[in-house]
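This report is meant to be read alongside the sequence and the model. Please have both in view before going on.

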Amino acid sequence: RMLSGLDLFDPCGGGQFLTLVPSRPLEYRIFTILNPARLVIDVRPTKTVPTDKVRYFLRTLPLYGDQACAFKKAALKEGITGRLLTDASGNTFGEAGVFDRPEDAFGAKTRLKELGERFSLMVKARGIMETPEVLP
């Protein structure tokens, strides 16, 4: 049973995404089978809830229109794979990295100075079980 699901197209031509938000804890495994070719997502209910761990995300302010694709292209020029996330309100923002320690996130922000100036990168702490939200 799912709380919600979302099927959308990447605005930058990266294909289709599927996002599922389960209503209870799940264990999952993703693998491929070659003959016939298919992607398998094996999902089982579990009673074990993973412990939440705070991570540090290098994030943008909300991106509008062509800014989302421009962010992904600029991130690639910097040698990183930026990703786009959409919050529950439909706002899109970019992430330029996920780090275990705040000092690593601030170090990356310093190294990505041009990207940071162009897209207002900032460090945001979030638990891995929390839904991302656009920064004010």
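This is a predicted model: local features need pLDDT of at least 70, side-chain atom pairs count only at pLDDT 80 or more; totals for chains, interfaces and linings use all residues.

Residues are numbered from 1 along each chain as its sequence is written, and side-chain values use heavy atoms, with hydrogens and water left out.

**Overall make-up**

The protein has three helices and eight strands, where helices (H or I, at least four residues) and strands (E, at least two) are DSSP runs numbered from the N terminus. Read from the N terminus, the order of the elements is β-β-β-β-β-α-β-β-α-α-β. Of the 136 residues, 24% count as buried, a term that stands for under 20% relative accessible area, with exposed over 50% and partly exposed in between (1.4 Å probe, protein chains only). Among the contacts with a separation of 6 or more, 57% come from residues 24 or more positions apart, a contact being heavy atoms within 4.5 Å.

**Strand 7 and its partners**

Strand 7 (residues 92-99) is mostly covered, with six of its eight residues buried. Two strands pair if DSSP finds at least two bridges between them. Strand 5 (residues 54-59) pairs with strand 7 in the antiparallel sense over three bridges, and here Tyr 56 stands opposite Phe 99. Strand 6 (residues 83-86) also pairs with strand 7 in the antiparallel sense, over four bridges, and Leu 85 stands opposite Phe 93. The hairpin of strand 6 and strand 7 has five residues between the strands, and in this hairpin Gly 90 takes a positive phi near 90°.

**Aromatic rings**

Rings of Phe, Tyr and Trp (its six-membered ring) pair if their centres lie within 6.5 Å, and planes under 30 degrees apart count as stacked, over 60 as edge-to-face and the rest as tilted. By this rule there is one aromatic pair. The ring centres of Phe 71 and Phe 119 are 5.4 Å apart and their planes stand at 85°, so the pair is edge-to-face. Because Phe 71 lies in helix 1 (residues 67-77) and Phe 119 in helix 3 (residues 113-119), the pair ties together parts that are 48 residues apart in sequence. Both Phe 71 and Phe 119 are buried.

A charge sits over a ring if NZ of Lys or CZ of Arg is within 6 Å of the ring centre and within 35 degrees of the ring normal. Such placements are listed here.

| Charged residue | Ring | Distance from ring centre |
|---|---|---|
| Arg 59 | Phe 93 | 3.9 Å |
| Arg 126 | Phe 57 | 3.9 Å |
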